[in-house]
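I opened this model to work through its record, its sheet and its aromatic residues. My entries are below, in the order I looked things up.

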Amino acid sequence: MDALVTTQWLAGELSAPDLRILDATWFLPSESRDAHAEFVAGHIQGAVFFDINAIADQTSPLPTMLPPPAQFAAQLGALGVATGNRIVVYDNAPHHTATRAWWMLRSFGIEAAILDGGLAKWKAEGRPLLSGHPVPAPATVAVHPNTALVRTLDQVKANLTSHAEQLVDARSAVRFTGQEAETRPGLASGHIPGSANIPYSSFFNPDRTWKHVPTLRLLFEDEGIEVERPVIATCGSGISAAVVVFALHLLGHPAALYDGSWTEWGADPSTPKATGAA
């Protein structure tokens, strides 16, 4: 199964017994939308709701942080996902949050694919939806944490000296430069010094499908990023940074994600901050 699958492909696979579909729609609190309620109102046949807020480290003061392995295995198993299942993730969110779920799965050694165009494309093509709250049969899934895909505050701090990895910030240009204030209280404005800025929205066509691979490469190269060299992706809270990680995956290059991102960095008085263009 390819990392990016089409609506036509998924429609033809819906009856496959080994297929599991996860709706990973997530919204910022300021968006005043209820992802679970929207899932109940209409979702792809066989899908279950992957709750990014709940499938997170509940002991962390930071939002949506990667949970401990045992918690992830238990919550994924409760969604009916078993070891060896083929997994497709989709969303209906402005921040393309299926990439976050995809990155979480890969961080625990589980392969998955993303539905190109998400629920919006599925609906635009007139494909059927189901309503209600499905209750899947519990399953057992093995997890194998891959720390190479995750970066911590201390690791990003160390990288400011070593320059071993390139930093790519997926936030909007106005938040990156500090022109627009952060919405979370207590956060400084600006970005991690040395970062390049490629807003997550740059990677998509107007219909929410991913741009072609040559165009994805140009997006990185235009900002001085060498895709063959290691990359750390960052954003506001580790959600849209996964778009950068998935784009690099489509280009055949793994990347790491700074899970705390600006929510952690911008609130820490010990971290350096930069403003203005890259």
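These notes cover a predicted model.

**Entry 1: the record.** I began with the annotation. UniProt, in an unreviewed entry, places "domain: Rhodanese" at residues 15-131 and 161-274. I then took the secondary structure of each stretch. Residues 15-131 are 29% helix and 14% strand, with the end C-alpha atoms 18 Å apart. Residues 161-274 are 27% helix and 11% strand, and there the end C-alpha atoms are 15 Å apart.

**Entry 2: S131.** I went to S131 next. I found S131 in the loop between α5 (118-124) and β6 (150-151). Is S131 buried or exposed? Its relative accessible area is 58%, so S131 counts as exposed. I also asked which residues S131 touches, leaving out those up to four places away in sequence. They are V40, A41 and H43. F39 is 92 residues from S131 in sequence, yet the two C-alpha atoms are 7.6 Å apart in space.

**Entry 3: the sheet.** I traced an open sheet of 5 strands. The order is β1-β5-β4-β2-β3, and the pairing is parallel. The edges are β1 (4-5) and β3, each of which pairs on one side only. I then followed β4 (residues 86-90) towards β2 (residues 19-23). The two strands run parallel and 5 bridges join them. R20 has I87 of β4 as its bridge partner. L19 stands opposite R86 in β4. On to β5 (residues 113-115): 2 bridges join it to β4, again in parallel. Here V88 stands opposite A113. How many residues of β4 are buried? The count is 4 of the 5, so β4 is largely enclosed by the rest of the structure.

**Entry 4: aromatic pairs.** I searched the whole structure for aromatic pairs and got 9. I looked at F39 and F49. F39 belongs to helix α2 (residues 35-41) and F49 to strand β3 (residues 47-49), so I noted a link between distant parts of the chain, 10 residues apart. Both F39 and F49 are buried.

I then turned to F203 and F220. This aromatic pair is tilted as well, at 5.5 Å centre to centre and 45° between the planes. F203 sits in the loop between β8 (196-197) and α8, and F220 in helix α8; the pair links distant parts of the chain, 17 residues apart. F203 and F220 are both buried. I wanted to know which aromatic cluster holds them. One cluster is formed by W102, F203, F204, W210, F220 and F246.

**Entry 5: helix α8.** In α8 (residues 213-221) the buried residues are L216, L219 and F220. Why do I call this one face? Seen down the axis of α8, the buried residues fall within an arc of 95°, so they line one face of the helix. The general rule is that an α-helix has 3.6 residues a turn, so residues three or four places apart point the same way. What do the buried residues of α8 pack against? I found α9 (241-250) there.

**Entry 6: a charge over a ring.** R127 lies over the face of W122, at 5.5 Å from the ring centre.

Methods: Residues are numbered from 1 along each chain as its sequence is written. This is a predicted model: local features need pLDDT of at least 70, side-chain atom pairs count only at pLDDT 80 or more; totals for chains, interfaces and linings use all residues. Side-chain values use heavy atoms; hydrogens and water are left out. Buried means under 20% relative accessible area, exposed over 50%, partly exposed in between (1.4 Å probe, protein chains only). The arc is that of the directions from the helix axis to the C-beta atoms. Contact means heavy atoms within 4.5 Å. Rings of Phe, Tyr and Trp (its six-membered ring) pair if their centres lie within 6.5 Å; planes under 30 degrees apart count as stacked, over 60 as edge-to-face and the rest as tilted. A charge sits over a ring if NZ of Lys or CZ of Arg is within 6 Å of the ring centre and within 35 degrees of the ring normal. UniProt positions are given in the numbering used here, feature names are shortened, and annotations may be inferred rather than shown by experiment. Two strands pair if DSSP finds at least two bridges between them.
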